[in-house]
Amino acid sequence: MISAESVLLESGEQPCIRLEPLTNTHLPGKATPTGGNNCVVTIEGGSPKVTVNGVHDIEDRILRITGYYGYNPGYSSHRREDGSESHAETPGSETSGESQSHQTCTNTALKVLGGLLMVLCVSSSWVGTTQVVKLTFQSFSCPFFISWFSSNWNILFFPIYYSGHVVITREKQTPIQKFRECSKLFGEDGMTLKHFVKRTAPFSILWTLTNYLYLLALKKLTATDVSALYCCHKAFVFLLSWIVLKDRFMGVRIVAAIMAITGIVMMAYADGFHGDSFVGVALAVGSASTSALYKVLFKMFLGSANLGEVAHFLSTMGFFNLIFISCVPLILYYTKVEHWGSLSSLPWGYLCGMAGLWLVFNILVHVGVVLTYPILISIGTLLSVPGNAAVDVLKHEVIFSVVRLAATCIICLGFLLLLLPEEWDSVTLRFLANIADKKTEDHGEEFTESSVQTRSRSRANGTVSIPLA
């Protein structure tokens with residue numbers, strides 16, 4: 001309850017009514033409220049003033065309980081004479097808050113749009129790489145030479161990064177200085193011969209082996225099957241991270257890994273466990289396994305590397321491939337395992353196109369993780385499966401069996417489950433709780449408005465509705 005005290009002014013002015021809180025607000029038979037802020041409303045000269053926050057809620061509640069005739073929620077006495085509400089915030093703070101919110105929304109929208117464009121580019125580049133490899137095999141069937149040739153193009157990774165870095169930041173830093181700065185990835189002493197061989201050799205071998213097995217699988221299976229089986233690398237990354245890196249255990253990802261293995265078995269069973277189909281499935285799964293091992297080791301030893309250091313590392317792998325692995329194609333050539341004619345007879349157009357698309361794909365993957373959301377890059381890789389399927393059906397007139405389609409769908413579904421964040425369960429429960437609370441609030445507001453309208457009609461008809469305590 002609030003006590004009222006009236007004082008007549010000797011000068012003949014209008015009375016000044018001052019409402020002040022009592023020290024004891026306990027009502028008989030009612031529980032004493034805990035917490036909350038007391039409020040003071042001063043009415044001088046007939047103009048209401050809000051002195052403390054909370055008057056709006058109390059006044060609305062009083063008008064709602066008494067059934068004030070013509071009362072509309074939100075329109076109470078603490079409106080100014082010009083019709084504008086009085087706010088505690090200053091106009092400057094409101095303007096800065098609105099501008100900051102607008103800027104945040106704009107940045108998020110640009111990041112999402114850039115991510116969608118990145119998804120399209122990643123998917124297109126990977127589909128193009130796979131299809132150009134299939135075309136190259138028609139006239140040049142030397143998978144290791146193709147893998148070695150395309151891996152050499154990684155040398156261009158750091159020059160491309162440096163060019164973009166200079167254009168964006170306009171730093172006056174020579175390529176040698178920037179290269180030495182990024183060499184800290186190998187240790188405090190920079191890149192020495194020992195660190196060059198120790199750090200680069202394992203990753204370069206895994207890189208070459210992944211590409212070589214992928215190309216061998218393309219000789220046995222369709223592009224759609226190989227790209228779908230390669231998506232199993234996500235499940236292998238989770239299993240290796242759980243075992244080696246001691247990442248958090250997630251039941252949904254175990255289910256996704258089981259789905260990936262199920263899809264692999266179904267793909268191998270599609271044409272029976274014999275012949276080129278089974279060998280092709282084994283090669284594709286081997287490529288996915290080596291790719292997963294490469295990524296886990298990269299996360300273990302170079303997980304905190306920035307974009308410049310990653311570009312430096314990939315260019316270093318290209319140099320290692322050119323210097324140390326160049327002997328392998330020569331050995332395969334002289335042993336007649338992979339034989340090609342003169343250099344002029346090689347399909348350089350296909351080879352350069354495939355290597356260029358492969359380089360673009362790697363650049364988009366590493367740059368896209370920095371510029372946009374990493375999950376979008378994974379989705380772009382997944383979309384290469386339907387992209388290759390469309391090309392196989394329309395151009396190569398491939399007919400997929402029901403078992404292969406089911407296996408592909410299971411693998412893709414498991415891939416999507418692996419993209420769920422670690423806190424997906426709590427986020428989902430919180431989202432559902434918010435929806436339920438919103439529905440409850442809407443129902444309560446509708447009930448309150450109907451009660452106010454009922455009391456208003458009762459007063460108009462000469463009746464009085466007494467609210468229950």
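Over residues 458-469 of this predicted model, pLDDT stays under 50, and the model has eight contacts beyond four places in sequence for this stretch. Residues 1-55 likewise have a pLDDT below 50, and beyond near neighbours in sequence the model gives residues 1-55 48 contacts. For the protein chain as a whole, the mean pLDDT is 77, with 73% of the residues reaching 70 or more.

| Helix pair | Axis distance | Angle |
|---|---|---|
| α13 (residues 348-371) and α14 (residues 374-382) | within 8 Å | roughly 155° |
| α6 and α10 (residues 275-302) | within 8 Å | roughly 155° |
| α14 and α15 (residues 384-394) | 4 Å | about 25° |

The axes of helix α13 and helix α14 come within 8 Å and cross at roughly 155°, which makes α13 roughly antiparallel to α14, since angles over 145 degrees count as such. This crossing of α13 and α14 is right-handed. On the α13 side the contact is made by F361, L364, V365, G368 and V369, while α14 contributes P374, I377 and T381. Sorted by class, the residues of the contact of α13 with α14 comprise six nonpolar and two polar ones, with no charged residue among them.

Helix α14 also packs against helix α15, at an angle of about 25° and with the two axes 4 Å apart, so that α14 is roughly parallel to α15. Here G380, T381 and L382 in α14 meet S384, V385 and P386 in α15, and the contact divides into three nonpolar and three polar residues, again without any charged residue.

The crossing in which α6 passes α10 is left-handed. The residues of the contact of α6 with α10 divide into 17 nonpolar, six polar and three charged.

Helix α6 also takes part in an aromatic pair, one of the 27 aromatic pairs that the structure holds. W126 and Y214 form this pair, which is tilted, with 5.3 Å from centre to centre and 40° between the planes. The pair links distant parts of the chain, as W126 lies in helix α2 (residues 91-137) and Y214 in helix α6 (residues 193-220), 88 residues apart.

Technical notes: Residues are numbered from 1 along each chain as its sequence is written. This is a predicted model: local features need pLDDT of at least 70, side-chain atom pairs count only at pLDDT 80 or more; totals for chains, interfaces and linings use all residues. Side-chain values use heavy atoms; hydrogens and water are left out. Axes are lines fitted to C-alpha atoms, for helices over the stretch in contact, and angles run from 0 to 180 degrees between N-to-C directions. Helices (H or I, at least four residues) and strands (E, at least two) are DSSP runs, numbered from the N terminus. Angles under 35 degrees count as roughly parallel, over 145 as roughly antiparallel, 65 to 115 as roughly perpendicular and the rest as oblique. A crossing is left-handed if the near helix is turned anticlockwise from the far one by less than a right angle, and right-handed if clockwise. Contact means heavy atoms within 4.5 Å. Ala, Val, Leu, Ile, Met, Phe, Trp, Tyr, Cys and Pro count as nonpolar, Asp, Glu, Lys and Arg as charged, and the others, Gly among them, as polar. pLDDT is the predictor's confidence in each residue, from 0 to 100. Rings of Phe, Tyr and Trp (its six-membered ring) pair if their centres lie within 6.5 Å; planes under 30 degrees apart count as stacked, over 60 as edge-to-face and the rest as tilted.
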